[in-house]
Amino acid sequence: MSLAPHPDPADYLAMVRRKRLYGGVLLVLFVVLMVSGFRVADARNAGGFFDGLHRVLDFPAEIFTEAFANWQNLPGLFVQFIPSLIETLNIAAVSTMFGALLAMVLAFLSTRGLALWPRMTPVFRRMMDIMRAVPEIVIALVLIFLLGGGPVPAMIAIAFHTTGALGKLFSEAAENADLKPVEGLASTGAGWIQRMWLGILPQVAPNWSSYALLRFEINIRASAILGFVGSGGIGYDLKTALQWGQGKYDQVVAIFALLLLTIIVVDHFSDRARARLVKGGLEA
Amino acid sequence: MKIDIVNVSKIYGTKAAVDNVSLSLGGSGFVGIIGRSGAGKSTLLRMLNRLSDATKGQILVDGTDILALKGVEKRAWQSRCAMVFQQFNLVPRMDVASNVLHGLLGRRSTLTTLFNLWSEADIRQALDILDRLGVAEQAAKRAEALSGGQQQRVAIARALMQDPAIILADEPIASLDPMNAQVVMDTLKRIQTEDGRMVIANLHTLDTARRYCDRVIGMRDGRVVFDGTPEKLTTGVARDIYGADGTFSEAATSTAIETLQPDTDYAVAMLGD
């Protein structure tokens with residue numbers, strides 16, 4: 001056996017120099033792009049970034065000063081806003097549920113190896129891409145225009161987006177499922193729905209529930225934001241309170257505190273639930 | 001039931017996994033198919049059950065070409081033609097009795113099967129079958145909690161739940177230790193003799209084929225190269241089937257199954273006789 005010819009160190013050094021040169025050029029290019037980009041953005045800005053920088057904290061300061069002066073209102077305000085908070089949570093929960101159910105169907109139809117009509121998988125995938133690409137607020141604005149304000153347009157908008165987002169995650173989890181049980185069921189004469197429900201669902205249920213819980217958290221925020229465009233819930237109250245010069249900044253602080261608390265609580269419990277689900281501590 | 005396989009081929013790309021096979025199978029015997037990995041044994045069984053489609057040919061069951069069946073009729077054939085797999089292919093996260101009840105998937109309404117609304121009679125029957133195979137105590141456990149040998153018996157129970165005329169077993173003991181292998185083979189043999197069902201099993205080892213089969217079919221490169229009684233399966237014939245050169249030793253295809261005493265107390269106890 002002969003050894004490979006001894007490599008020339010000069011070749012390797014030349015390669016190192018070449019790589020350094022390319023790296024340096026790329027770095028300079030990146031810095032130039034960032035600086036020039038910032039200058040363009042700043043020039044088009046009405047005020048100017050550095051002129052306004054020291055005022056960034058003025059507004060929050062004003063809000064907190066005013067709220068602090070009226071601190072005795074806060075407990076009453078918490079109680080006052082709880083119904084809107086529940087409305088926001090309900091919008092998030094219902095839209096997560098409907099979105100997840102639709103996502104299940106689309107995931108089964110678009111997963112390689114499972115699809116009922118294998119040739120149609122790209123169609124269902126593109127459908128989910130579109131649902132994911134359109135922001136909730138755009139759908140909500142269109143629906144509010146058509147159906148009028150209220151929670152229904154918000155639920156449809158969030159469910160639509162959720163279907164696209166969860167469908168993709170569901171499909172990826174299903175792709176990793178073991179196909180042997182499905183084959184076993186197929187050999188007994190099971191139909192497609194039976195194979196998916198009995199063969200795949202028990203395997204993916206922990207992961208899918210975990211994704212759906214995560215999506216519920218995201219949807220609470222989405223639901224609050226949609227309040228700004230007129231779908232009700234705590235977002236609407238926030239928009240009204242935030243308007244300048246009304247002396248309602250104590251309400252703003254109450255709403256933010258409630259939202260923050262809700263997110264922390266939901267996050268805490270869904271973290272624990274998800275950990276248990278993925279570890280298989282619960283019956284699927 | 002009479003099965004006539006007529007000029008059946010399965011072609012993947014340019015390679016024929018099963019190459020123009022014709023066979024007649026009838027009655028209620030125990031048929032073993034032997035051959036190297038890739039000889040087309042599994043593909044043949046999968047086409048019989050319609051898990052795979054044939055590229056060409058016919059499989060006539062009492063005169064009906066089951067390869068041409070579609071939809072409901074195809075599923076009806078599958079429910080009469082049970083299959084047992086090397087890796088058991090149970091649903092791991094479901095309990096054992098539910099897995100056995102899956103044998104009825106082709107015969108009960110979708111609603112019944114999806115929401116576990118099996119009738120009491122169905123559940124009793126599943127438990128009876130588990131009892132017959134000696135795994136009744138495991139009925140409420142998750143399938144994944146069982147040993148390989150137990151899982152394979154649950155898979156056979158699922159097959160029996162189908163009340164099939166024919167049971168196809170694709171390497172049923174290849175993942176099992178010798179002791180469990182013997183229990184599983186004895187179970188299949190008992191089902192064949194007591195119930196009068198035909199069993200067709202792909203087997204990896206010559207001695208298993210010799211001991212359990214009434215008829216042995218040898219396959220090589222997708223073709224049938226031997227078809228006869230176990231007595232005719234000499235070392236020379238085996239060498240042909242396995243395409244072996246001078247280094248072929250029959251022992252290499254054997255498991256330790258032959259070193260076990262036949263009908264040991266253990267095996268009998270496991271069968272629940």
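Where chain A meets chain B, 19 residues of chain A are in contact with 24 residues of chain B. On the chain A side, the elements giving two or more residues to that surface are α8 (180-187) and α9 (192-226) of chain A. Sorted by class, the side of chain A that touches chain B has nine nonpolar, eight polar and two charged residues. Keep in mind that this is a predicted model.

**Chain B overall**
- Chain B has ten helices and ten strands.
- Of the 273 residues in chain B, 46% are buried.
- Take the contacts in chain B with a separation of 6 or more: 72% of them come from residues 24 or more positions apart.

**Helix α9 of chain B**
- Which residues of α9 (residues 235-242) of chain B are buried? They are A238(B), I241(B) and Y242(B).
- Looking down the axis of α9(B), you'd find those buried residues within an arc of 85°, so they line one face of the helix.
- As a bit of background, an α-helix has 3.6 residues a turn, so residues three or four places apart point the same way.
- What covers the buried residues of α9(B)? The cover includes the strands β3 (30-34), β9 (215-220) and β10 (223-228) of chain B, along with the helix α8 (206-212) of chain B.

**I191 of chain B**
- I191(B) sits in helix α7 of chain B, which runs over residues 178-195.
- Is I191(B) buried or exposed? It counts as buried, because it has 20 C-beta neighbours inside 10 Å, and 20 is the cut-off for that label.
- Leaving out residues up to four places away in sequence, I191(B) touches L160(B), I167(B), R197(B) and V199(B).
- T112(B) is 79 residues from I191(B) along the chain, and the C-alpha atoms of the two are separated by 28 Å.

**Helix α4 of chain A**
- Over in chain A, helix α4 covers residues 74-110, which makes 37 residues.
- From first C-alpha to last, α4(A) reaches 50 Å, close to the 54 Å expected at 1.5 Å a residue.
- Where does α4(A) bend? The bend is at I82(A) and comes to about 40°.

Methods
Residues are numbered from 1 along each chain as its sequence is written. Chains are lettered from A and ligands numbered from 1 in the order in which they are written. This is a predicted model: local features need pLDDT of at least 70, side-chain atom pairs count only at pLDDT 80 or more; totals for chains, interfaces and linings use all residues. Helices (H or I, at least four residues) and strands (E, at least two) are DSSP runs, numbered from the N terminus. A residue is buried if 20 or more other C-beta atoms lie within 10 Å of its own, exposed if 12 or fewer, and partly exposed in between; C-beta atoms are placed from the backbone. Two residues are in contact if their C-beta atoms, placed from the backbone, lie within 7 Å. Ala, Val, Leu, Ile, Met, Phe, Trp, Tyr, Cys and Pro count as nonpolar, Asp, Glu, Lys and Arg as charged, and the others, Gly among them, as polar. The expected span of a helix is 1.5 Å times one less than its number of residues. The bend at a residue is the angle between axes fitted to the seven residues ending there and the seven starting there. The arc is that of the directions from the helix axis to the C-beta atoms.
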